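Subject: Structure handover

Hello,

Here is the structure for you to look over. My notes come after it.

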Amino acid sequence: MNDYQEQKAMRNGKYKAFYLDERQFNKVNSILKECQDLTLKEINRVYPGTKKVLINIAEKDIMLVALENYLVELRSR
């Protein structure tokens, strides 16, 4: 992949706040997928029902919460 293709890929679907290589991008996506799965599992545990709760948890929302929590932790040190 040349520089132009790499930059275009970063603009199309990758997080614009970060410049991730392919390995980092895959790692971030797998972490976010696990966060989504665990969050849905927890929601369904807390609110049991006959049907599973299906909600859209956006990756960017998880990233924002994680970064805000990390910032609070750093500031408290």
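This is a predicted model: local features need pLDDT of at least 70, side-chain atom pairs count only at pLDDT 80 or more; totals for chains, interfaces and linings use all residues.

Overall fold. The chain has 77 residues, and 16% of them count as buried. There are three helices and zero strands. Along the sequence, the pattern reads α-α-α. Take the contacts in the chain with a separation of 6 or more: 28% of them link residues 24 or more positions apart.

Helix H2. This helix covers residues 22-46, which makes 25 residues. From first C-alpha to last, H2 reaches 36 Å. That is close to the 36 Å expected at 1.5 Å a residue. Its N-terminal end is capped by Asp21. The cap places a side-chain oxygen of Asp21 3.2 Å from the backbone nitrogen of Arg23.

Which residues of H2 are buried? They are Phe25, Leu32, Gln36 and Asn44. Helix H3, residues 59-75, is included in what covers them.

Gln36. This residue sits in helix H2. What does Gln36 touch, leaving aside its neighbours within four places in sequence? The contacts are Ile57, Ala58, Glu59 and Ile62. Of these, Glu59 and Ile62 fall within the range of H3, 59-75.

Largest pocket. Its volume is about 170 Å³. Ten residues line the pocket. Nearest its centre lie Val28, Ile31, Leu32, Met63 and Ala66. Leu32 is also one of the buried residues of H2.

Which helix gives the most to this lining? H2 does, with five residues. H2 and H3 each supply at least two residues. By type, the lining divides into nine nonpolar, no polar and one charged.

Best regards

Key: Residues are numbered from 1 along each chain as its sequence is written. Side-chain values use heavy atoms; hydrogens and water are left out. Helices (H or I, at least four residues) and strands (E, at least two) are DSSP runs, numbered from the N terminus. The expected span of a helix is 1.5 Å times one less than its number of residues. Buried means under 20% relative accessible area, exposed over 50%, partly exposed in between (1.4 Å probe, protein chains only). Contact means heavy atoms within 4.5 Å. A polar contact is a pair of N or O atoms within 3.5 Å; within protein, one must be able to donate a hydrogen and the other to accept it, and residues adjacent in sequence count only if both atoms are side-chain atoms. On a 1 Å grid over the protein atoms alone, a cavity is a set of points where a 1.4 Å probe fits but cannot get out, and a pocket is an open set with protein on both sides within 12 Å along at least five of seven lines; lining residues have an atom within 4 Å of a point. Grid points are joined across faces, edges and corners, and a volume is the space filled by probe spheres set on the points. Ala, Val, Leu, Ile, Met, Phe, Trp, Tyr, Cys and Pro count as nonpolar, Asp, Glu, Lys and Arg as charged, and the others, Gly among them, as polar.
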